[in-house]
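Please open the structure in the viewer and keep the selection tool at hand.

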Amino acid sequence: MCEIQNIREWYNGVRFRSRLEAKWAVFWDALGVRYFYEYEGFELPSGRYVPDFWLPHLEIWVEIKPNEPTDNARSKARDLLSATDKPVLLYWDEVIDPLELGRSPRSTMFWYVKGLSEEEPEALCLYDEDWWAWQECVNCGQIGVGYSYNDGNKIRSCHCNCVLSEYSDRLKAAYRQAQNYSFW
Ligand SMILES: [Zn+2]
């Protein structure tokens, strides 16, 4: 396992710590979603932490784990949300198109975001429920990630009168590109 963790993956001039991170970079590149890798570090109550990705236009953090996140990883995600007031996506396992695999093949993400739930206003932790997804605005073509029944939070960077859809050929193609990307 140690050997695997030490293998780094070059993609697009960046030396990623894991192939899964690089695959998500492929996914965002295919969609024109800008990202910064290991952009900024934080001293959090749960320890020092450099989140894997910052997506500046969507204003979200993304952390990629090989396996289901430990309690410590989840604490860091919560602390990062508290410290920065920006949502945190925590992915693991594989790049999965939830539409292609029938929506709930298995859990591959948590999402920490403020204010979407009255029960837990500070931080909401979601599994692969059928109301999160990467989505495309069919008016302006912007890509976002969000919550399917809260329009205000669906696409965080789009200011048009959005009609949002997960049923997007661009998204489908991006998932496929990331899943099939050959790194050598
Ligand atoms: Zn739009």
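Select strand β7, residues 60-65, in this predicted model. The strand is mostly covered, with 6 of its 6 residues buried. In a regular strand the side chains alternate between the two faces of the sheet. On one side of β7 are I60, V62 and I64, on the other W61, E63 and K65, and both groups are buried.

β6 runs antiparallel to β7, and 3 bridges join the two. Within this pairing, F53 is placed opposite V62 of β7. The two strands form a hairpin with 4 residues between them. In the turn, select E59, which has a positive phi of about 55 degrees.

Now show strand β8, residues 88-92, beside β7. These strands run parallel and are joined by 5 bridges.

Return to V62 and display its surroundings. Which residues is V62 in contact with, leaving aside its neighbours within four places in sequence? They are W24, D52, F53, L55, L89 and Y91. V62 also belongs to the largest nonpolar core, which has 39 residues. Together with W24, V88 and L89, V62 touches the most other members of that core. The element that gives the most to this core is helix α2, residues 19-31, with 7 residues.

Select α2 next. This helix of 13 residues reaches 19 Å from its first C-alpha to its last, close to the 18 Å expected at 1.5 Å a residue. Colour its buried residues: L20, E21, A22, K23, W24, A25, V26, F27 and L31. Just after the helix, G32 takes a positive phi of about 75 degrees.

Move on to helix α5, residues 169-180. Its 12 residues should span 16 Å at 1.5 Å a residue, and the end C-alpha atoms are 16 Å apart, which agrees. Its buried residues are L171, A174, Y175 and A178. Turn the view to look down the axis of α5: these buried residues fall within an arc of 100 degrees, so they line one face of the helix. An α-helix has 3.6 residues a turn, so residues three or four places apart point the same way. On the other side of α5, select D169, A173 and N180, which are exposed.

The last stops concern backbone angles. Most residues other than glycine have a negative phi. Select N12, a residue other than glycine whose phi is positive, near 55 degrees. N12 is in the loop between β1 (9-11) and β2 (14-16). Is N12 buried or exposed? N12 has 10 C-beta neighbours inside 10 Å, and because a residue with 12 or fewer is exposed, N12 counts as exposed.

Finally, select E38, in the loop between β3 (36-37) and β4 (42-44). E38 is not a glycine, yet its phi is positive, at about 45 degrees. With 14 C-beta neighbours inside 10 Å, E38 counts as partly exposed.

Technical notes:
Residues are numbered from 1 along each chain as its sequence is written. This is a predicted model: local features need pLDDT of at least 70, side-chain atom pairs count only at pLDDT 80 or more; totals for chains, interfaces and linings use all residues. The expected span of a helix is 1.5 Å times one less than its number of residues. A residue is buried if 20 or more other C-beta atoms lie within 10 Å of its own, exposed if 12 or fewer, and partly exposed in between; C-beta atoms are placed from the backbone. The arc is that of the directions from the helix axis to the C-beta atoms. A nonpolar core is a set of buried Ala, Val, Leu, Ile, Met, Phe, Trp, Tyr and Cys residues joined through C-beta atoms within 7 Å. Two residues are in contact if their C-beta atoms, placed from the backbone, lie within 7 Å. Two strands pair if DSSP finds at least two bridges between them.
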